[in-house]
Amino acid sequence: MKTLKTILLLFIFISCQQKESKALAISNSVEPKTFSEKLSQAAISIIDPSIDYDPAYFKIDYPNGDVPKGKGVCTDVIIRSYRILNIDLQKEVHEDMAENFSLYPNLKKWGMTKTDTNIDHRRVPNLEVFFERKGTKLPVTQNASDYKTGELVTWMINDKLPHIGIVTSKKSSDGKRNLIVHNVGGGQVLEDCLFEYKIVGHFKYEKSN
């Protein structure tokens, strides 16, 4: 009798697992319709924990330049995600900075007196200025529901390290927070880290091509 009951319970468990897997597959196969959904999907598609966190200066092509495939930092997550949507942040940032150099922190923070297409777009403070100028600056709050799919969040880690990530459509295990794709040293990963660091910026940047 116990054996029959065990088999029945195992059958029910397997059936539930199959239904859950089928529902997840259907959910993942739904085509994103909005720009925000597309950006979220793009960010998720580049998840790769094997990426080495490497902040070194690289000489790269322009436009559509990228650092070596197996390397990157937090800004490269943003750059690579937007590039999937045919938006080249290297070019976008460079063109705006070339016309409005004094509005960017290059001189004050790094002593630069001219643009550099190899590194300008790979610096969080520059992206913050660009997203505020060309996109929408959103409120910084401690309310998780204010951070929506496809938005960008910047943090200051330990009051000295600028950081950036993309808010995705995926939810935390308790369903209260959207998960973030970022790279803070463990590769390009999806994590529940919205409030792990001090939030200093919140933006939305959409551009149709």
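Helices (H or I, at least four residues) and strands (E, at least two) are DSSP runs, numbered from the N terminus. Residues are numbered from 1 along each chain as its sequence is written, and side-chain values use heavy atoms, with hydrogens and water left out. The model is predicted, so local features need pLDDT of at least 70 and side-chain atom pairs count only at pLDDT 80 or more, while totals for chains, interfaces and linings use all residues.

Glutamine 90 lies in helix H4. With a relative accessibility of 1%, glutamine 90 counts as buried, a word that means under 20% relative accessible area, whereas exposed means over 50% and partly exposed lies in between (1.4 Å probe, protein chains only). Leaving aside neighbours within four places in sequence, glutamine 90 is in contact, meaning heavy atoms within 4.5 Å, with residues including Ile60, Tyr62, Asn64 and His121. Its side chain reaches the backbone nitrogen of asparagine 64 at 3.1 Å.

In soluble globular proteins, nonpolar side chains tend to be buried together.

What about charged side chains? A salt bridge is a side-chain nitrogen of Lys or Arg within 4 Å of a carboxyl oxygen of Asp or Glu, and the whole structure holds 13 salt bridges. Within helix H4, glutamate 95 and lysine 91 lie four residues apart, about one turn of the helix, and they form a salt bridge whose closest N and O atoms are 2.9 Å apart. Lysine 207 forms a salt bridge with glutamate 92, the closest N and O atoms being 3.4 Å apart; this pair links distant parts of the chain, with lysine 207 in the segment after strand E8 (198-204) and glutamate 92 in helix H4, 115 residues apart. Aspartate 96 and lysine 134 meet in a further salt bridge at 3.6 Å, N to O, which joins helix H4 to helix H6 across 38 residues. Aspartate 96 is buried at 6% relative accessible area, whereas lysine 134 is partly exposed at 45%.

Key
Polar contact = N/O pair within 3.5 Å; in protein donor to acceptor, adjacent residues only side chain to side chain.
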